[in-house]
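Keep the viewer open as you read.

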Amino acid sequence: MVLGGGGVAGIAWETGVLAALADEGVDVTTADRIVGTSAGSTVAAQVTSGLPLKDLLARQLDPALQTPELASGVSLEELWIKLQLIAQGPLDPAGQRREIGALALAADTVGEAERRAVIEARLPAHSWPERDLVIVAVDAHTGEERLFGPGSGVSLVDAVAASCAVPGVWPCVSIGGARYMDGGVRTSTNADLAAGFDRVLVLAPMADLGEPSWGRLEGTVEVIEPDEAALAAFGADLLSPEARTPSAEAGYTQGRGAAARVSAMWR
């Protein structure tokens, strides 16, 4: 299972989709490997924490149960334009990632500790599960991807914080002398990291800047992307805490509608 990036709204939407699938008899959280990027890294850590999906969904739907989030204070429209210009420029992919890394390192953001506290509150458990869990981040200086997992020697909270460090919005995360930024800088889903598996389910709240990474996979691939109702629920700011309840509701509705085709592929 591949869980892609999409901000706070994406976390809520993915949780809704997964909870609905489980309620319809298709619990995809038992996947042999889970790849999580940015928002998807949060969801991956949550669904492998031992907390039931119905409780995870309640933490998105009910404002009284929602964990604290910080307002970004950044225009995502302006940021997206900057990232698109880099993606359309003359640099190769590695060079583009380094340029985005320079943007991330130079950004005026909240401190690492303040942002880490947000991630810590999101996660019901702070130790790695005994699962094949891959969390993707990108080295802000070199542009190289870094794959964190149970044997990486990096704490789960730090790995998720790194994967969720949106360039230009949140601080890069310091780990072992390096600075890491959002894994979505590589691709929004990093679905190619599920290569070798016969069946792959991809939840993609946000489109890739280029060719979708799941296009490189062989075997059976099922992709769930937000429908019109979900996009409306997301609103203009994927990082807005207020997007959680409507996005979770939209995800649940969409998950129920997708259950039959996911079940046909998954079983």
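How many cavities of 30 Å³ or more does a search of the whole structure find? The search finds 1. A word on the ground rules: this is a predicted model, in which local features need pLDDT of at least 70 and side-chain atom pairs count only at pLDDT 80 or more, while totals for chains, interfaces and linings use all residues. Residues are numbered from 1 along each chain as its sequence is written, and side-chain values use heavy atoms, with hydrogens and water left out.

Rolling a probe the size of a water molecule over the atoms shows where empty space is left. Here a 1 Å grid is laid over the protein atoms alone; a cavity is a set of points where a 1.4 Å probe fits but cannot get out, a pocket is an open set with protein on both sides within 12 Å along at least five of seven lines, and lining residues have an atom within 4 Å of a point. Grid points are joined across faces, edges and corners, and a volume is the space filled by probe spheres set on the points.

The largest cavity holds about 80 Å³ of space. Its lining includes Val8, Gln46, Arg59, Gln60, Arg122 and Arg244. The elements giving two or more residues to this lining are H1 and H3 (helices, H or I, have at least four residues and strands, E, at least two; both are DSSP runs numbered from the N terminus). By class, the cavity lining divides into 2 nonpolar, 4 polar and 4 charged residues (Ala, Val, Leu, Ile, Met, Phe, Trp, Tyr, Cys and Pro count as nonpolar, Asp, Glu, Lys and Arg as charged, and the others, Gly among them, as polar).

Stay with Arg59 for a moment, one of the cavity-lining residues. Arg59 is found in helix H3, residues 53–61. Arg59 is buried yet has no salt bridge, and the nearest side chain of opposite charge, Asp55, is 8.5 Å away. (Buried means under 20% relative accessible area, exposed over 50%, and partly exposed in between, with a 1.4 Å probe and protein chains only; a salt bridge is a side-chain nitrogen of Lys or Arg within 4 Å of a carboxyl oxygen of Asp or Glu; Lys and Arg count as positive, Asp and Glu as negative, and His and the chain ends are not counted.) A polar atom of the Arg59 side chain does lie 2.6 Å from the backbone oxygen of Arg122.

Asp55 counts as partly exposed because its relative accessibility is 28%, whereas Lys54, at 60%, counts as exposed.

By this rule the count comes to 11 salt bridges. In one of them, Glu24 meets Arg256 at 3.1 Å, N to O. This pair links distant parts of the chain: Glu24 is in the loop between helix H1 (7–23) and strand E2 (33–37), and Arg256 is in helix H9 (residues 244–266), 232 residues apart. Glu24 is partly exposed at 36%, and Arg256 is partly exposed at 47%.

Helix H9 also carries Arg261, whose partner Glu222 sits 39 residues apart in strand E8. The Glu222 and Arg261 side chains meet in a salt bridge of 2.2 Å, N to O. Glu222 is buried because its relative accessible area is 17%.

Key. A polar contact is a pair of N or O atoms within 3.5 Å; within protein, one must be able to donate a hydrogen and the other to accept it, and residues adjacent in sequence count only if both atoms are side-chain atoms.
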